[in-house]
Amino acid sequence: MFQFFGKSDTTAAAVAETKASATGRVMAWSTQGRVAWSARDTVSLTKSGFTGNPIGFRAVKLIAEAAAAVPLVLQDAERRYETHPVIALLARPNAAQGRAELLENLVGQMLLTGNAYIEAVGQDGLPDELHVLRSDRMSLVPGADGWPVAYEYNVNGRKHRFAVQGALSPICHIKSFHPQDDHYGLSAMQAAASAIDVHNAASGWSKALLDNAARPSGAIVYKGAEGQSQLSADQYDRLLSEMETHHQGARNAGRPMLLEGGLDWKPMGFSPSDMEFQKTKEAAAREIAVAFGVPPMLLGITGDATYANYQEANRAFYRLTVLPLASRVAGALADWLSDFTGEVCELRPDLDQIPALSIERDAQWRRVSEATFLTQAEKRNLLGLPSLEVGHEG
């Protein structure tokens with residue numbers, strides 16, 4: 001097999017050494033050789049929380065697009081690479097996607113399902129292409145030691161099995177932390193499921209009000225002659241038909257009503273419980289934003305004054321949400337691809353090129369540059385730079 005940076009014989013011997021957790025066989029005892037199904041119906045959660053909820057949709061899009069746009073640098077202990085096969089692969093991972101599209105898809109899958117899967121396509125050395133696979137179609141098959149021995153991809157009843165035993169795995173599985181699952185990650189969508197249900201129910205309630213002239217406007221009370229307490233069936237059907245035709249919907253809003261003898265109009269307004277319903281919806285929107293780690297101010301949620309200004313909220317968004325996620329994804333990709341190249345390199349976000357962090361970065365560079373007691377190598381190390389630049393090894 002051709003390798004860009006061939007592994008030494010000592011590395012090959014190290015690969016042959018078998019290491020396993022002492023608890024692995026205990027965890028896998030009841031599931032050996034069988035698919036470990038995820039606990040949540042991710043398809044339903046995605047429909048209700050992403051495609052059917054504006055807060056969840058915007059939160060996922062905001063994080064995924066920001067993480068995909070974060071510049072990445074590849075470096076080892078000695079230098080930073082300007083050109084490298086790994087950089088070229090990520091720049092054009094496949095014929096249908098570029099770097100931003102692949103990473104946005106990858107991060108979006110993690111946010112929606114807690115898991116992200118990348119397939120390596122190729123025969124020798126570094127993969128020729130990388131493809132993000134849908135998490136809801138993937139299932140993990142654990143072995144006797146608790147580690148995955150295969151992944152099954154299921155589409156319309158047809159399954160493809162990816163064997164992952166051996167030094168090189170065709171699948172890179174990136175998952176978020178889950179305290180009660182050995183094989184799958186916990187998504188923000190699952191944590192926000194109750195708040196999403198409340199928000200969707202409140203939106204449905206508001207839609208019903210619009211369908212009924214935008215508010216519970218009033219009631220028609222029948223005051224018939226003595227001994228007559230209710231309308232006949234024909235009278236009731238005729239009145240109902242006239243109400244639906246001439247007074248219901250936005251088109252007929254404000255249209256005057258003509259009442260016949262015995263009918264009286266009693267106007268009605270919003271009750272205190274109706275007014276609290278809107279506040280409940282706003283509270284649910286904040287809970288969804290908190291679960292995804294997006295400051296409510298960035299989502300246009302009113303009444304939120306957690307941050308002094310938009311710039312501060314945007315900086316906190318990058319520091320607390322975007323960068324940890326981008327670093328996790330970049331680190332997992334670097335570790336996985338190093339198995340193909342045989343070279344250990346670090347792939348991480350380039351903080352110097354993120355506009356939201358420019359104020360913090362300028363202050364840090366100023367403090368480090370003014371520290372006269374530090375050597376140049378120590379200053380570069382504090383700034384996250386390699387000791388030497390390319391072409392200055394001497």
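Helix axes here are lines fitted to C-alpha atoms over the stretch in contact, and angles between N-to-C directions run from 0 to 180 degrees. With that convention stated, I turn to the structure, which is a predicted model.

I begin with a helix pair. Helix α4, residues 54-69, packs with helix α6, residues 99-113, at an angle of about 140 degrees, and their axes lie 8 Å apart. The two helices are therefore oblique to each other. In this crossing, α4 passes α6 in the right-handed sense. On the α4 side, the contact involves Val-60, Lys-61, Ile-63, Ala-64, Glu-65, Ala-67 and Ala-68. From α6, the contributing residues include Arg-99, Leu-103, Val-107 and Leu-111.

Next, the sheet. Three strands form an open sheet in the order β2-β1-β11, with antiparallel pairing. Strand β1, residues 72-75, pairs with β11 over four bridges in the antiparallel sense. Within this region, Leu-74 stands opposite Leu-347 of β11. Helix α11, residues 310-341, packs on the sheet and touches both β1 and β11. The direction of α11 makes about 165 degrees with that of β11.

Finally, I consider helix α3, residues 42-51. Which of its residues are buried? They are Thr-42, Leu-45, Gly-49 and Phe-50. Viewed down the axis of α3, these buried residues fall within an arc of 85 degrees, so they line one face of the helix. The face turned away from that buried side carries Lys-47 and Thr-51, both exposed.

Terms used
Residues numbered from 1 in each chain as written. Predicted model: local features only at pLDDT ≥ 70, side-chain atom pairs only at ≥ 80, totals over all residues. Heavy atoms only, no water. Buried < 20%, exposed > 50% of the residue type's maximum accessible area, 1.4 Å probe, protein only. Arc of directions from axis to C-beta. Pairing = 2+ DSSP bridges. Contact = heavy atoms within 4.5 Å. Parallel < 35°, antiparallel > 145°, perpendicular 65-115°, else oblique. Left-handed = near helix turned anticlockwise from the far one by under 90°.
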